Structure formats: structure tokens, C-alpha cells
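The stops below go from one side-chain group to the strands around it and then to the core.

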Amino acid sequence: MTFVPNLWRRLPARRIFSGMNTHPQSRNEHPSIRDRRYPVALVLVIAFMSAMGLPMAEAVPKATSGRLLVTRISEPITLDGLSDESAWQEVPPLEMIMFQPSWGGPPSEPTEFLVAYDDENLYIAGRLYDREPDRIQGNSMERDSGDGSSDWFGVVIDTFNDKQNALSFFTTPTGLRWDAEVKNDHEGPGRRNLDWNSFWDVATVRTDEGWFAEMRIPFSTLRFQPDPDGRVVMGLIVRRAIARNEEWDVYPEIPPTWGFSGIFKPSQALPIELRDIGASRKRYFIAPYTLAGKRWLEPSGLKTTGSSRDEQQVG
């Protein structure tokens, strides 16, 4: 068989080593990539499963027709930043690649995220490890603050999967909320509407392993309509920024063709699928409130300046 590099990091050890307790014993002991020290054993397990013809669908995130099948959870999630509840144990973690300064390589710091949903919400969790936690940067808690010196984590969601329009949700280590509409595949004037604000929650926490975030985005904010079979297909982009390195990490593997603008382009999002969503669910539209100020994204984060309400420029 051919062993795929880094696959062992994608396999939840708890599913393979049933006798090992990989769940933290306290909320201060967060699950860490660096604590998964079983690569040799995992190679043997994978080889055994392959030789015996055993299914491995539980080992990696499920995909169907080029889509990522998102895990539906039935147990509650406490929004505290620490994605350590039992519900998260059933959700396979995903990894990013470096977008800048060296496209296609691994992030300079271990990074993984998780996506799940229940009857009412979409959940996004980021495990943003950092070997120098004292250098994590977060300097504002103001809604929509354009703090260019902070680290960032967030998502761009093409809720109708139309490859043109999307909603963005970002946060920093301080737990601020930054949201915006993306239009016209992030091309031309007015490509982002920073006056759009809606209802969603986020919690973040710092530990000696890095910083961690959990987002809860109500379906009523995402403005989708399930098909008659209760399926919803949306596009997803996930991004991390490490300010001190002027680094952006991204999922999926978006090429650097469009520069920074590329990580906001719905046409480059990975399709994700949610199932068994109530087909009779109403399509909700949230009326935004307005905030003055011209805002755009800089390489190290988000920045705010000027007095125009219309966003025209990408840094």
C-alpha cells in the first residue's frame, strides 16, 4: 500500500485506539496535534485494515460527489472555545495549507478546524496551535474592528452555492465578531459589504498550546433553502492569519492567482453538504444595520479607515 504523508494526523486516534483515552481530563488539557504520538502504530493499523479489506470511512472526512459531507451532531456543544465536548469527538478535523508567504506548504503552526451542525445551527471550531503562545496577538473586542495587528480565524460561506455570493464570519483571540457580505465573486467595486451584520456567536480561549475558537451560526442567518430531500449544499472557505509572520493559511487549496482576494472568492470554495434539514424550513433574511467606515483586509488582518460606507478596496 501507499502511505499518505500526514494521514495519521487526520485520523482521530480515539477511533483506532479504543483503549487509549485521548479526551482531555480537564478543560485545561486541550487536545493537541503535538500530543498524537502514534504514527507508527497508525501505519500498522492502516496496513492491517487495507490487507483485510476493512472499511476506513470512519477514519477520514466523508466526501460525496466532490462534496464534504458535514457531520450532524446530536449532543449539545457548550460555546466556550474549547472544542472538547463529546459531540466534537465524532467530527473529523481538517487541515489547512499555507497561502502566504509560501503557497502550498504546511502552516508554520499546527492548525486544524472542524465543521458540524444540528437542527438549528452550523458550528465551526478552530484549533489554532502556537509554539509561542505569548506572541499570539489580539488587541480589540469591538464589533467589526479592523485590527491589522491581530491573529484571525474565520470562514466564508457561499450559502446558496452560486459561486458568486457569500457571508463571512471572522474572529480574533479576543473573541470579537467581524462579518460581511461578499458579492460578485469578490470582483470589482462593492465586492464586500461591511455594513452587513447578523446574529451569530463566537467564543475564544487561550492556553499554553495556542488559541481556540468556536462559532455558532444559526441557520436563520445563513439564508439557505433545503431541497425537497432536506439536503443543503454550500461552499466553504476557512482562513487563519498569524500576524507576526504575515502568514495566511487557507482551506481548501486556493491557488494564489488572485492574491489575497482569492480567499474570499465563492467560486473557489469547497462544496459541503448538510442532510436531513427540515424541507419546510423558511428562508430567513436578516435586516442589517449600518456602520460607518471604509474597511478592507490587510495582509496581517483587518483594517478600518476613512468615512465612506462603501467598501471599494482590498489591501
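Which residues form one aromatic cluster? Select Phe99, Phe170, Trp178, Trp248, Phe260 and Phe264, which make up that cluster. Keep in mind that this is a predicted model.

The structure holds 10 aromatic pairs. Select Phe99 and Trp248: the ring centres are 5.8 Å apart and the planes lie at 25 degrees, under the 30 degrees that counts as stacked, so this pair is stacked. Phe99 belongs to strand β5 (residues 97-100) and Trp248 to strand β15 (residues 247-251), so the pair ties together parts that are 149 residues apart in sequence. Both Phe99 and Trp248 are buried.

**Strand β10.** Next select residues 178-182, which are strand β10. Trp178, a member of the aromatic cluster, points one way from β10 together with Ala180 and Val182. Asp179 and Glu181 point the other way, and they are buried too.

**The neighbours of β10.** β9 and β10 pair in the antiparallel sense over 5 bridges, and Phe169 stands opposite Asp179. Their hairpin has 6 residues between the strands, and Gly175 in it takes a positive phi near 85 degrees. Follow the side chain of Arg192 to its charged end, which sits over the ring of Phe264, 4.9 Å from the ring centre. Phe264 leads back to the aromatic cluster.

**The cores.** Select Phe113, Leu122, Phe153, Ile157, Phe169, Leu222 and Leu274; of the 35 residues in the largest nonpolar core, these touch the most other members. A second, separate core of 20 residues includes Ile97, Phe170, Leu176 and Phe260.

Centre on Leu274. Beyond its neighbours within four places in sequence, Leu274 is in contact with residues including Val70, Tyr117, Leu122, Phe219 and Met234.

**The whole chain.** Zoom out last. The chain has 4 helices and 18 strands, and 54% of its 315 residues count as buried. Of the contacts with a separation of 6 or more, 67% come from residues 24 or more positions apart.

Definitions and conventions. Residues are numbered from 1 along each chain as its sequence is written. This is a predicted model: local features need pLDDT of at least 70, side-chain atom pairs count only at pLDDT 80 or more; totals for chains, interfaces and linings use all residues. Side-chain values use heavy atoms; hydrogens and water are left out. A nonpolar core is a set of buried Ala, Val, Leu, Ile, Met, Phe, Trp, Tyr and Cys residues joined through side-chain atoms within 4.5 Å. Buried means under 20% relative accessible area, exposed over 50%, partly exposed in between (1.4 Å probe, protein chains only). Contact means heavy atoms within 4.5 Å. Helices (H or I, at least four residues) and strands (E, at least two) are DSSP runs, numbered from the N terminus. Two strands pair if DSSP finds at least two bridges between them. Rings of Phe, Tyr and Trp (its six-membered ring) pair if their centres lie within 6.5 Å; planes under 30 degrees apart count as stacked, over 60 as edge-to-face and the rest as tilted. A charge sits over a ring if NZ of Lys or CZ of Arg is within 6 Å of the ring centre and within 35 degrees of the ring normal.
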